[in-house]
Amino acid sequence: MRFIWLIPLLPAAGALVNGLFGIRWFSRTVSGLLACATMAGALGLSLWAFSELLGLPADARVHDVVLGHWIPPMALQTAHDIGMFQVPWQFRLDPLSGVMILVVTGVGFLIHVYSTAYMKDEAPGGYARFFSYLNLFCFFMLVLVLGANFLVMFVGWEGVGLCSYLLIGFWYEKKSASDAGKKAFITNRIGDWGFILGMFLVFFTFGTLDFRAVADAAGAMPIESAGFGVLSIICLTLFIGATGKSAQIPLHVWLPDAMEGPTPVSALIHAATMVTAGVYMVARNAVLFQHAPHVMQIVAIVGALTALMAATIGLVQNDIKRVLAYSTVSQLGYMFLATGVGAFAAGIFHLMTHAFFKALLFLGSGSVIHAMAGEQDMQKMGGLRKYMPVTFVTMMIGTLAIAGIPPLAGFFSKDEILYQSFLNNRFLWLIGAVTALLTAFYMFRLILLTFYGTYRGAPWARVAAPAAAMEAAAHGVRHPLDGQAQKDDHEVSHGAADVRAAGHAHAWHGPHESPRAMTVPLMALAVGAIVAGFLGIPQALKGANTIEHFLAPSFESHTAAAREAGAGAAAGAEHGPGAAAAEEGAHHLSTAGELGLMVLSVLIAVAGVLAARRFYFTHPELPDRLAARWRGAHALLFNKYYVDELYDATAIKGTVAGGRGLWTFDRVVIDGAVDGSGWLTRVSAWGSHMFDKHVVDGLVNLVGWIAEEGSFFVRRLQTGLVQNYALLMVVGVFAFLTLYLVAR
Amino acid sequence: MFESILFYTLAAFILGFGVLVVTARNTVHCVVFLVANFLCVAMIYVMLGAEFLAIIQVLVYAGGIVVLYLFVVMLVNLKRGPDAAPDRRRQSRVGFVLAAVMLAEISAILVYSAARPASAVAAAAATPLQTVGNTEVVGMLLYTDYLIPFEVASMLLLVAMIGAILLAKKEI
Amino acid sequence: MTPITPYHYLVLSAALFMLGVIGVMTRRNIIIIFMSIELMLNAVNINLAAFSQQLHNAVGQVFAIFVVAVAAAEAAIGLGIILAFYRNKETLNIDEMNILRW
Amino acid sequence: MVDIYVVPILKIVVLLSAVLLAVTYLTLLERKVIAWVQVRLGPMRVGPQGVLQPIADAVKLLLKEDITPSRADKWVFTLAPIVSMVPALIAFAVIPFGATVSMFGHPVSLYIADVNVGLLYIVSVTSIGVYGIILAGYSSNSKFPLLAGLRASAQLISYEIAVTMMLVSLVVVAGTLSMVGIVNAQLSQGVWYVFLQPVAFVILFIGGLAETNRAPFDLPEAEQELTGGFHTEYSGMRFALFFLAEYANMIVVSAVATTLFLGGWLRPFPNVHVLSFLGFVPGWIWFLLKTFVFIYVFIWIRATLPRYRYDQLMRLGWKVLIPLGIANLVVTAILKVLL
Amino acid sequence: MFDTNELVINMGPQHPSTHGVLRVILRLDGERVIGSDVVIGYLHRGVEKLCEHRDWAQIVLITDRMDYVAAASNNLGYVETVEKLMSIEVPRRARYIRTILAELQRIASHCLWLGTHAMDIGAMTVFLYAFRERELVLDLFEEYCGARLTYNAMRVGGLPLDIPPGWDRKVRDFCDILGPKVDEYEQLLTHNRIWLERTRGVGVIPGEDAVAIGLSGPPLRGSGIPRDVRKDEPYAAYAEFDFDIPIGAAGDTYDRYLVRIEEFRQSVRIIRQALDGLPEGPILGKVPRLIKPPAGETYHAIEAPKGELGYFIASDGKSNTPYRFRVRPPSFCNLQALSRLIKGHLVADVVALIGSLDIVLGEVDR
């Protein structure tokens with residue numbers, strides 16, 4: 001565990017080497033191998049560290065590593081006294097971050113492997129650049145989760161934002177991609193603003209930025225159930241940060257657009273890891289949030305609404321990646337719902353399972369897109385089951401997992417969330433349940449549209465004309481399709497020498513299974529999607545709910561006093577609607593009730609599946625009829641509730657208009673003032689100038705004149721001739737010598 | 001006896017070549033006389049028991065520095081030397097006279113000193129002669145007590161080298 | 001004939017030095033002036049070597065070597081400057097090098 | 001008195017005449033060897049197999065009209081061949097041809113002087129030789145010789161640095177500057193320095209070729225380009241002096257290389273007692289044999305290789321040999337400190 | 001080196017490496033050539049005018065004196081031009097022997113070139129080796145026609161002499177000898193580092209420029225233009241033989257060297273084929289006693305060792321001398337490239353480049 005600092009630094013080294021040297025010199029194989037190797041190393045170290053962590057007693061599962069000082073101690077005013085503001089480069093491994101590094105390195109490693117095949121058609125420089133960014137992202141993400149204080153976390157937080165921006169805009173020649181990158185970045189800025197404010201407030205309130213210290217200090221404060229105290233404000237601002245990073249209402253708009261990036265990026269950053277940073281951050285500050293029940297309520301409501309809204313939008317989208325993107329937003333909403341109702345462990349549990357199945361789904365979709373030579377529109381797919389069995393099976397597993405079909409991972413985590421929210425607030429539960437129904441529906445819609453039915457895509461040449469193939473091979477023609485067109489067939493690199501193989505590769509030969517480097521990560525993630533849930537089998541099913549117990553220490557304050565105070569506070573807050581209510585509810589719902597809820601949710605999922613089957617398999621004409629009948633609703637959903645347009649009309653236009661107004665103000669009022677004062681200055685300067693010219697200069701000139709006239713004689717000595725000077729030197733020496741001779 | 005003959009011969013040569021250096025019209029001849037002068041000075045060093053210095057004199061001065069002079073003289077290769085131009089300031093005569101007087105003065109001082117009773121310095125000279133000029137001693141001094149000046153000198157040479165390259169380069 | 005004492009060397013050195021001084025004073029050709037400076041440096045070296053022998057101390061020779069090193073540096077830079085000067089002015093007359101005044 | 005004055009003077013006389021004779025016959029050797037390489041016979045007319053050819057050449061050159069170009073700088077023109085000849089000859093003063101032998105009851109050392117800075121002496125004396133070429137180039141008042149003179153000075157200065165670097169690394173190994181001391185160091189260390197300092201040996205050899213203006217570095221006298229270079233305007237005995245100086249320099253370089261790298265007068269494998277029967281051959285014969293091998297290689301190279309171009313020559317010197325020499329010196333010094 | 005003075009050097013007409021009496025006025029910056037003037041005419045004898053005052057048979061003698069190291073090729077070009085003018089059918093045996101002579105001449109000329117070129121660059125042994133082989137060729141010529149340099153070996157309509165008995169065997173022996181000897185030259189030069197440094201990248205002339213200047217022969221082929229009169233407009237018996245035209249890639253001195261070295265081998269190949277297929281028959285065609293071509297004019301070119309050697313001859317049909325006689329000498333045309341080639345190179349490269357163009361002043365000045 002002493003070496004946990006190596007976990008982030010390995011990818012950093014990979015990024016550095018690939019970025020500095022790889023872009024110029026490395027072949028694809030070398031840069032790919034390098035990136036994968038660093039991630040494999042990080043994964044191995046993570047596993048080792050995690051196993052060591054498991055070996056510790058449950059109470060002592062925390063390990064800090066201080067790499068060095070970052071900001072040296074300086075005195076800053078805080079709410080109570082002068083605090084020493086000091087920030088070390090400190091990494092902390094505890095159960096929460098342990099789970100997170102496993103997710104990040106595990107999923108990250110698989111996605112790296114996947115990308116080696118997926119990005120095969122990039123030029124070597126772009127390839128190295130891609131892996132450099134990807135490694136850099138992993139570095140920052142690991143810094144984020146391992147950071148022991150707010151500021152180190154913020155470094156990771158900003159870093160992943162940067163990498164997200166770089167990777168979304170990876171194909172920066174494409175305007176939509178670079179625009180999406182900017183959008184993501186700017187939207188995140190709003191969230192970061194909140195985060196920074198929260199951070200300032202944290203330091204001002206507690207005089208430290210260390211998570212544990214903050215948690216301990218906060219644990220010692222009373223729960224703000226009555227009103228909106230400082231803790232609530234902190235939590236609210238932090239939550240604003242979380243909404244930005246995790247794409248919650250109202251800052252969710254960037255995530256769907258982020259799908260412009262390469263699919264592995266979508267899988268890693270915009271599904272499995274970065275977007276969950278918000279959830280992680282809230283969970284990391286669980287103690288703080290527990291002391292701000294109103295904010296918890298807000299979090300839960302925002303999460304639930306986001307889940308529902310995104311799910312409804314997902315119903316009607318046709319772009320396979322966008323469906324998945326909205327699904328991600330929706331699932332993130334679930335996680336916030338979980339944290340909002342105080343079930344932090346459930347949230348993190350869902351985060352973990354979601355990482356597996358969503359990464360799986362994204363990679364599967366990438367495989368599909370790859371097979372379709374860049375086609376992303378599901379309406380142009382269909383019947384792909386027989387062409388790409390591995391992708392189909394793995395994606396089916398992922399879909400079942402997300403739909404919540406037991407015993408797959410999604411079932412357990414989602415059910416835990418629903419259960420916890422049921423205990424907390426029936427209405428939230430209802431939203432969750434509806435969302436679950438919608439989730440099952442749109443996910444199966446995706447599966448059915450993609451893999452079932454008849455093939456609706458572009459036809460392909462059964463036999464490629466050899467000449468054309470050769471020409472294509474010779475010129476290295478890229479497939480002239482939009483979007484993901486850059487990713488051509490993987491076979492190119494294998495069989496470029498063989499004209500037939502190259503011909504096969506370049507004249508698109510119809511959908512086909514992806515190469516091993518892509519399917520193997522799919523299978524690995526599928527296994528994860530199946531088994532990850534078993535960590536959290538609830539007690540109602542005779543499970544141990546291992547993960548909840550494992551994570552619990554991370555959500556408590558630590559000093560005995562603080563714990564006591566926290567307990568007292570919890571007891572005192574029995575009436576609060578937040579965590580306390582959950583505690584209360586837990587005592588009140590029987591095992592049978594819990595089982596009933598489970599059955600209900602399974603039924604909901606099955607209902608969704610069946611509905612999807614009816615709409616998109618047995619009666620494929622139904623969706624259009626429905627869309628025609630509910631034209632308004634469909635348009636509303638299809639255009640994502642017009643949020644983008646709303647923002648455009650309000651925030652962006654408003655900003656522009658405000659800018660104009662300010663500019664006008666600037667020009668008229670401020671410039672006028674400046675001009676006026678300038679005029680005044682000129683007038684006074686003129687007076688001053690006249691004085692200067694005649695009086696002061698006169699004196700100076702007089703002095704100069706005297707010096708000039710006086711120097712006229714002296715400067716005769718300055719001939720500029722070296723020999724004259726030498727002569728004078730000799731004269732001097734002569735004088736000394738003579739003096740010596742005479743005076744001695 | 002032998003030493004005296006050698007010394008006076010060498011001194012005559014040194015001064016004679018020196019005069020020629022200072023007076024010769026042709027620059028190349030000047031350089032040649034300078035080399036001869038240096039070689040004689042090297043022999044003086046040998047007489048003074050400073051063999052290493054003598055070798056350095058020949059190797060660096062005669063073999064290196066003066067080659068540079070010759071090189072430049074040949075490159076410049078003037079048709080009409082600047083000394084043909086009239087000396088407008090008549091300072092050469094002044095300089096000449098001054099130098100002569102100073103020489104007389106110094107010689108006077110030296111003769112006077114020699115005539116004085118032996119000082120501590122002279123007493124030291126009375127001790128039996130031993131070879132002090134051998135290479136090992138110089139080397140030891142250079143690399144121990146005078147290491148810093150030595151390094152400074154090498155740095156100076158490096159700087160001079162770079163500077164000379166920059167100066168002589170056509171376009172930088 | 002009297003034995004050769006350090007004074008002999010010193011007189012020789014002084015004479016050589018004065019020759020160098022005369023060269024510097026009287027010649028117009030800057031290369032020859034440089035060579036006169038070399039003569040003066042040599043006179044100094046004779047002095048150093050003579051005292052080194054007189055005092056049985058090799059430090060004098062060490063400093064003579066430093067003088068040689070400095071002379072080498074001086075020659076390199078000086079000749080570089082002369083070349084640059086010649087390139088601009090097509091002359092070596094030191095009287096033409098008089099723009100460094102006032 | 002005898003030991004102080006007579007013996008050295010005798011030695012000098014013997015050595016000078018021997019060297020001059022060797023130099024004259026070296027010309028014959030060169031002509032013969034090159035002729036054999038080129039499937040010719042070489043000089044055959046004067047004496048049996050042409051052995052008297054050098055004498056005939058000498059007589060011819062002595063009797064030829066000695067032309068001084070009218071616009072030449074006359075006394076420099078005369079001085080130049082002397083300046084190039086003298087250093088080549090006085091360099092022999094410190095070359096040990098053998099150890100001390102007994103002759104007529106006197107112990108006689110087969111060298112004129114064992115100076116404690118012998119190696120530096122040779123370096124400094126040979127560095128004077130360049131004046132001959134430069135002055136010849138200048139004083140001829142002709143363009144080809146002038147070009148050659150500039151070439152020669154640049155070339156000699158550049159290669160001197162590399163060679164001196166090599167010698168320094170050799171001195172680091174030997175621990176002495178005395179030529180006799182270096183040979184004795186090879187005896188006591190039991191190894192020829194060619195095996196300890198192969199890089200130095202190779203660079204010294206190349207540098208020696210360049211310093212003596214031998215092919216493929218004979219740029220200052222490249223007759224195809226500069227019509228004979230610095231001695232274009234020379235004739236008669238003054239020309240012969242340049243010629244002799246070149247060959248004398250060859251011998252000096254070969255003798256120095258022999259002394260420094262091939263153990264001087266030592267027999268091969270001086271410390272292997274099984275080979276002690278080789279000791280019956282006198283040391284100076286070994287020395288001459290080794291020197292001869294060097295000279296032969298010099299001639300052989302001249303017959304084989306084309307000529308470098310001026311810029312290539314400078315590049316080789318400054319960008320290859322000098323860095324290599326510095327590297328070799330550093331490595332040698334480090335090893336010396338470590339071992 | 002330094003730029004203090006621009007140095008003007010008069011290289012030639014008395015200079016060891018200008019291959020005769022060529023004069024090159026070089027303007028040097030240090031050792032770098034910044035400009036040059038090539039002055040010719042020191043060997044002008046008025047060959048063309050002389051020919052206009054000799055009768056048709058006597059002219060063969062004069063052509064010997066143009067490229068005096070390749071006299072047979074000069075003869076061949078002239079007699080073929082006259083034959084073309086008079087439409088004379090030359091017997092096949094004569095054409096074969098002419099081919100053999102022309103190729104032997106090419107070998108002799110290239111030997112001379114190789115020797116002097118290598119000598120210019122400082123490799124003096126190659127010089128003597130090449131002359132050793134050239135001597136063998138000269139011996140063969142001597143046996144054939146009695147002369148060693150100026151052969152006067154052809155007649156309009158055929159040959160004056162049939163080959164002596166046993167001569168063909170000697171030529172075969174020579175061919176067997178030459179191959180290994182060429183390998184020997186290559187051992188000395190082709191992979192010699194110094195040789196490579198002296199020739200690679202020196203005097204590069206790209207193909208199109210070579211054509212524009214009017215180069216021909218090995219300098220043109222060295223620049224990658226596969227132009228060879230023997231292939232393009234076959235004369236004598238070349239159409240019946242199988243041989244390759246070597247071409248270079250970079251167009252530098254090294255490529256020209258390689259091209260000529262390969263031509264040694266190709267010449268041997270041609271000679272062997274000619275000897276194998278040497279037909280029996282007369283050696284002189286039906287030629288009138290007094291050669292007097294009909295009025296008319298013609299141009300005919302052959303591939304001389306140095307390049308395209310062309311004769312333009314006009315006959316008025318009345319007098320028994322040519323009305324106009326004009327030679328296109330390859331050396332003259334190739335020499336035009338010199339100024340351009342040496343610009344920016346060093347003095348040492350000037351001699352290498354003169355050698356690389358392989359000029360003979362007798363032909364340049366005529």
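Which residues does D:Ala248 touch, not counting residues up to four places away in sequence? I will start there. D:Ala248 touches D:Val19, D:Val23, D:Ala88 and D:Leu89. Touching here is contact, where the C-beta atoms of two residues, placed from the backbone, lie within 7 Å.

Some ground rules. This is a predicted model, in which local features need pLDDT of at least 70 and side-chain atom pairs count only at pLDDT 80 or more, while totals for chains, interfaces and linings use all residues. Residues are numbered from 1 along each chain as its sequence is written, and chains are lettered from A and ligands numbered from 1 in the order in which they are written.

Back to D:Ala248. It belongs to the largest nonpolar core, of 323 residues, and is among those that touch the most other members, together with B:Val66, B:Tyr69, B:Val72, C:Ile31 and E:Val350. A nonpolar core is a set of buried Ala, Val, Leu, Ile, Met, Phe, Trp, Tyr and Cys residues joined through C-beta atoms within 7 Å. Buried means that 20 or more other C-beta atoms lie within 10 Å of a residue's own, exposed means 12 or fewer, and partly exposed is in between, with C-beta atoms placed from the backbone. H3(B) gives the most to this core, with 21 residues. Another core lies apart from it and has 215 residues, including A:Leu268 and A:Phe555.

Helix H10 (residues 263–272) of chain A is mostly covered, with ten of its ten residues buried. Helices (H or I, at least four residues) and strands (E, at least two) are DSSP runs, numbered from the N terminus. The cover over the buried residues of H10(A) includes helix H3 (95–118), helix H14 (320–340) and helix H15 (344–371) of chain A.

Next, chain B. Its mean pLDDT, the predictor's confidence in each residue from 0 to 100, is 77.

Chain B meets chain C through 71 residues of its own, in contact with 65 residues of chain C. H3(B) gives the most to that side of chain B, with twelve residues. By class, the side has 55 nonpolar, 14 polar and two charged residues. Ala, Val, Leu, Ile, Met, Phe, Trp, Tyr, Cys and Pro count as nonpolar, Asp, Glu, Lys and Arg as charged, and the others, Gly among them, as polar.

Between chains D and E, 24 residues of chain D are in contact with 26 residues of chain E. The chain D side divides into twelve nonpolar, five polar and seven charged residues.

Last, chain E, which has 15 helices and six strands. Of its 366 residues, 56% count as buried. Three of the strands form an open antiparallel sheet in the order S4-S5-S6. Strands pair if DSSP finds at least two bridges between them. Strand S4 (296–304) and strand S6 (324–328) of chain E each have a single partner strand, so one side of each is left without a neighbour in the sheet. Nine bridges join S4(E) to strand S5 (residues 307–315) of chain E, and E:His300 stands opposite E:Tyr311 in S5(E). Helix H3 (residues 71–86) of chain E lies across S4 and S5, running at about 150 degrees to S4(E). Axes are lines fitted to C-alpha atoms, for helices over the stretch in contact, and angles run from 0 to 180 degrees between N-to-C directions.
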